[in-house]
Structure formats: structure tokens, C-alpha cells
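I opened my notebook to look up a few spots in a protein model, one at a time. Here is what I wrote down, in the order I went.

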Amino acid sequence: MLKDDSIRENTAQAAQPESLRRVAVASFIGTAIEFYDFYVYGTAAALVLNDAFFPNLSDLNGTLASFSTYAVAFAARPIGSLVFGHFGDRVGRKSVLVASLLLMGLSTACVGLLPGYSTLGVWAPILLVLLRFLQGVGLGGEWGGAALLAVEHAPRGKRGLFAAFPQLGPSVGFFAATGIFWLLSETLSDDAFTSWGWRVPFLLSFLLVAVGLFVRLKISETPVFQQVMDHQEASRAPALEVFKRHPKEILLGAGGMIIAYGLFYTATTYCLAYGTKTLGVPRGTMLTTQLVACLFLAAGTWLAATRSDAGGRRKTVLIGSGIAVVWGLVLFPLMDTEQPVLIALALGGALFCMGVVYGPMGAYLPELFGVRVRYSGASFAYNLGGVLGGAVSPLVATRLQGSFGSASVGWYVSAMAVVSLLCVLALPETRERELS
């Protein structure tokens with residue numbers, strides 16, 4: 001077993017400023033690109049995929065079918081976390097991050113090349129589901145590696161700050177994905193947008209993958225894991241070991257992530273479909289409000305992540321979950337006014353709450369697990385939370401709204417926040433832990 005003082009000595013060593021900047025940039029750019037890929041699909045699912053791949057279904061059933069293909073990736077993410085986590089805990093963080101970026105980027109770009117139902121018939125939605133599954137596998141390995149890359153390089157007392165960089169990736173990725181769709185929506189006719197324009201954001205992934213690879217191939221292995229390799233103490237079966245030793249941390253960590261995912265995918269994917277198709281708000285207006293709301297997400301993420309170094313991860317996440325309980329009840333009354341400013345406030349408040357929960361999780365989840373199983377444990381908890389909170393949210397929200405009205409969706413969001421609050425209450429504070 002590794003000596004605690006050896007780990008502490010290695011972790012506490014101050015890296016060169018250029019190296020730390022490179023780590024921050026690499027962890028940020030990688031997650032931004034991969035979440036851009038993931039969110040491009042979500043935006044397309046809300047706007048056009050039902051017409052392109054499920055034209056024979058009614059509007060409601062087509063939307064549900066589109067969201068179901070969207071949910072496939074969430075089911076695949078825990079699988080990706082176990083596969084990539086195994087190799088991340090066996091051979092290192094860096095090489096696994098390169099593989100996950102390639103898988104995610106290429107499967108996303110292929111969606112942009114995939115012919116629709118009118119050309120391929122039933123094979124079109126089948127191939128769409130397959131590509132979406134591969135997206136999920138790729139993203140399942142991405143977050144854990146990027147978070148560990150930042151946290152395990154971070155100087156003592158600044159893990160929350162360094163983890164803020166990969167945690168900002170979703171904000172930037174979502175802003176870029178939404179911004180490109182907004183630009184295409186404003187400059188193309190409806191016919192052009194639905195026939196070929198929606199494919200452009202997917203095809204841009206070819207370029208983004210090249211940029212991401214260029215940055216990530218320049219980084220070094222994390223010092224904490226390098227110690228494990230030097231002592232030949234890597235786990236032979238990290239997934240089995242983490243489930244045996246840390247079942248509580250996995251389940252409660254996943255529960256703590258539920259509201260972050262639930263808020264995000266309700267306020268973005270579902271509300272985009274709800275605003276355009278149910279309320280009749282113009283597509284460009286809804287995309288604009290989401291761009292504004294994304295700024296609130298970035299602000300909440302950065303504020304909470306950096307403050308968690310002083311105030312603690314657990315306390316910060318509890319505050320965010322508590323506010324989310326209240327905001328769930330405010331979200332749809334504001335949405336239903338159909339006023340762009342109030343819609344932006346509704347979505348911005350929801351994403352700010354999400355950011356306050358999400359920001360500290362970049363350091364909190366990795367700190368719950370030992371170095372031998374950290375990639376597997378943090379990744380699986382994070383992605384299991386995605387299944388419970390993100391995969392089903394648009395589907396449940398669509399059904400609830402159709403049966404009981406929009407207020408029921410708000411109660412559903414508040415219920416998810418209560419679940420996360422209770423899970424985090426059962427977890428310990430971790431900011432003073434050594435990464436051993």
C-alpha cells in the first residue's frame with residue numbers, strides 16, 4: 001500500500017505555472033468539446049429529429065421518440081464509465097481521455113452524415129440510436145478523467161478551483177451548441193434548417209476533435225496516479241473493488257447529482273420543446289433565452305466551485321439543492337407567462353441552481369474515492385446520477401405536462417432536489433482529505 005506521506009509530498013509539490021495552465025486548459029477544452037457534442041443532439045432532439053427520423057408519428061409521440069433516443073446515451077454513460085474507468089485506473093488518465101474524445105467526437109459527426117427516414121426507412125432511427133449510444137459511452141469516460149486530471153494536479157487547498165475548469169465545460173459546450181443553432185435558425189429558412197441546416201453543428205465536431213486532441217496530447221499523467229504506477233499498485237479490477245469498498249459513496253454521490261442533471265435537462269431540452277411547441281414561442285426567441293440562461297449556469301458553477309475550497313463541498317451543494325427545491329415551483333409559472341424576459345429569468349434561475357450544485361462536484365466526487373479506484377468510482381457515480389436525473393427528465397416532464405399541466409413538472413423538479421439534498425446530507429465533507 002502507498003505511504004500516505006509519499007502521496008502527500010508528491011501532491012503538494014508545486015508544479016510550474018505553465019504546466020498548471022496547460023492542465024486547466026486541457027481539462028476545460030476537452031469537457032467543453034464533449035459536452036458540445038452531447039448538447040447538440042439534445043437541441044436537435046427538441047427541434048427537428050422527430051420530423052427527420054420519426055415522421056410517421058404524431059407530434060407528441062414523435063417528441064417522445066426523439067427524447068427516447070436522447071435518453072439512450074444516458075443508459076450508455078455508466079457503461080462507458082466502467083469501461084474507461086477500468087483503463088483509467090489501470091493504465092492512466094491521459095490515454096483514456098484521448099480515446100473518449102475520439103469516440104464521442106466521431107459518433108457525433110456521423111449523426112450529421114446520417115440520412116433520414118425518407119432515405120433509409122427504419123434503418124435511419126436504428127442507426128441514430130446506435131450513434132447516440134456511442135456518444136453516451138464516450139461521455140461516460142470523459143468527465144471522470146477530466147475531473148481527475150484537474151484535481152490530481154491541483155496544489156493543496158485549490159482542488160475546488162482547478163476542478164472548476166472542467167466543470168465550466170458544460171456551460172461553454174451548451175452555449176456553443178445553442179449559439180450555433182440560434183445562428184442557423186436566424187439565417188436559414190425553415191425548410192433549409194429542417195432539411196440540412198441542423199446537420200452543420202454535428203459536422204463541426206470533426207474540427208473540434210482535432211483541436212481537443214492537439215491540446216490533450218501535450219499534457220502529462222497526474223502525479224498521484226504516477227505514484228501508483230511507480231509502485232505497481234494499480235487495481236487489477238477497479239470496478240469490482242470500488243463496488244465492494246464504496247457502495248455508499250457511489251449511490252449517495254449519484255443521488256447528489258440527480259438535481260443537477262434534472263434541472264439542466266428540464267430547463268434546456270424539455271423547456272425548449274415546451275416553449276416552441278406548446279407555448280408557441282418563436283424558436284429563435286427560445287434559443288436566445290437559453291443563451292442568456294447559460295451565463296447564469298457558468299456564474300453559478302464558477303462561484304460555487306471556487307468557494308468550496310473555503311466553505312466546503314458538502315455545504316455548498318446543500319445550499320444549491322435547497323434553493324432548487326424552491327425554484328422548481330417558480331420555474332413554470334414564469335415560463336407560462338410567455339414573456340421572453342421572464343422565461344430567461346426562469347431558465348437562468350434553474351441553471352444557476354444547477355451550477356451551484358454542479359460546480360463543487362468536480363472535486364467532491366473524486367475526493368470520495370481512493371486513488372486506486374477514483375476514476376471508476378467518481379465516473380460511475382456521476383453517470384448513474386445522469387441516468388436517474390437526466391435521461392428520464394424530458395420524458396417524465398412531457399408525460400406530466402400532457403396529463404396534469406406544467407405545474408406538475410415543477411413539483412417533479414422540486415422532488416428531485418429533495419432527493420439530492422437528503423443524499424448529500426448522508427455524505428461527509430471531503431475538502432481536507434488527502435488524495436491517497
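**Entry 1: a loop.** I started with Val281, which sits in the loop between α14 and α15. My helix names follow DSSP runs numbered from the N terminus, where a helix is H or I with at least four residues and a strand is E with at least two. The model is predicted, so I note that local features need pLDDT of at least 70 and side-chain atom pairs count only at pLDDT 80 or more, while totals for chains, interfaces and linings use all residues. Residues are numbered from 1 along each chain as its sequence is written, and side-chain values use heavy atoms, with hydrogens and water left out.

Is Val281 buried or exposed? Val281 counts as buried because its relative accessibility is 8%. For this I used a 1.4 Å probe and protein chains only: buried is under 20% relative accessible area, exposed is over 50%, and partly exposed is in between. Leaving out residues up to four places away in sequence, I found Val281 touching Gly275, Thr276, Met286 and Ile343. Touching, or contact, means heavy atoms within 4.5 Å.

**Entry 2: a partner across the chain.** I then looked up Glu338, which is 57 residues from Val281 along the chain, with 6.9 Å between their C-alpha atoms. Glu338 belongs to the loop between α16 (313–335) and α17. Its relative accessible area is 41%, so Glu338 is partly exposed. I also checked its backbone: phi of Glu338 is near 65°, a positive value in a residue other than glycine. I wrote a reminder beside that: most residues other than glycine have a negative phi.

Entry 3: Where is Gly385? I found Gly385 in helix α18. With a relative accessible area of 0%, Gly385 is buried. Gly385 and Gly256 are 129 residues apart along the chain, and their C-alpha atoms are separated by 7.4 Å. Not counting residues up to four places away in sequence, Gly385 touches Ala254, Met257, Ile258, Tyr261 and Gly390.

Next I turned to Gly169, in helix α8 (residues 159–187). Gly169 counts as buried, at 0% relative accessibility. Again not counting residues up to four places away, Gly169 touches Phe28, Thr31, Ala32 and Phe35. The C-alpha atoms of Gly169 and Ala298 are 9.0 Å apart.

**Entry 4: a glutamine.** I looked up Gln290 in helix α15 (residues 283–311). Gln290 counts as buried because its relative accessibility is 2%. Leaving aside neighbours within four places in sequence, its contacts are Phe174, Thr178, Ala267, Thr268, Leu272 and Leu347.

**Entry 5: the nonpolar cores.** A nonpolar core is a set of buried Ala, Val, Leu, Ile, Met, Phe, Trp, Tyr and Cys residues joined through side-chain atoms within 4.5 Å. Which residues touch the most other members of the largest core? That core has 100 residues, and I listed Phe53, Trp198, Met335, Leu347 and Leu365. Helix α14 (residues 247–278) gives the largest share, 17 residues. Apart from this core lies another of 12 residues, including Ala76, Phe84, Val96 and Leu149.

I followed up on Leu365: beyond four places in sequence, its contacts are Trp143, Gly253, Met257, Ala378, Ala381 and Tyr382.

**Entry 6: a helix pair.** Helix α17 (residues 340–367) and helix α18 (residues 374–391) pack at about 145°, with axes 9 Å apart. The axes are lines fitted to C-alpha atoms over the stretch in contact, and angles run from 0 to 180 degrees between N-to-C directions. From α17 the contact uses Tyr358, Leu365 and Pro366, and from α18 it uses Arg374, Ala378, Ala381 and Tyr382.

**Entry 7: cysteines.** How many disulfides does the structure hold? I found zero disulfides, a disulfide being a pair of cysteine sulfur atoms within 2.5 Å. The sulfur of Cys423 is 18 Å from the closest cysteine sulfur, in Cys353, which is too far for a bond. Cys423 counts as buried, at 14% relative accessibility, whereas Cys110 counts as partly exposed, at 33%.
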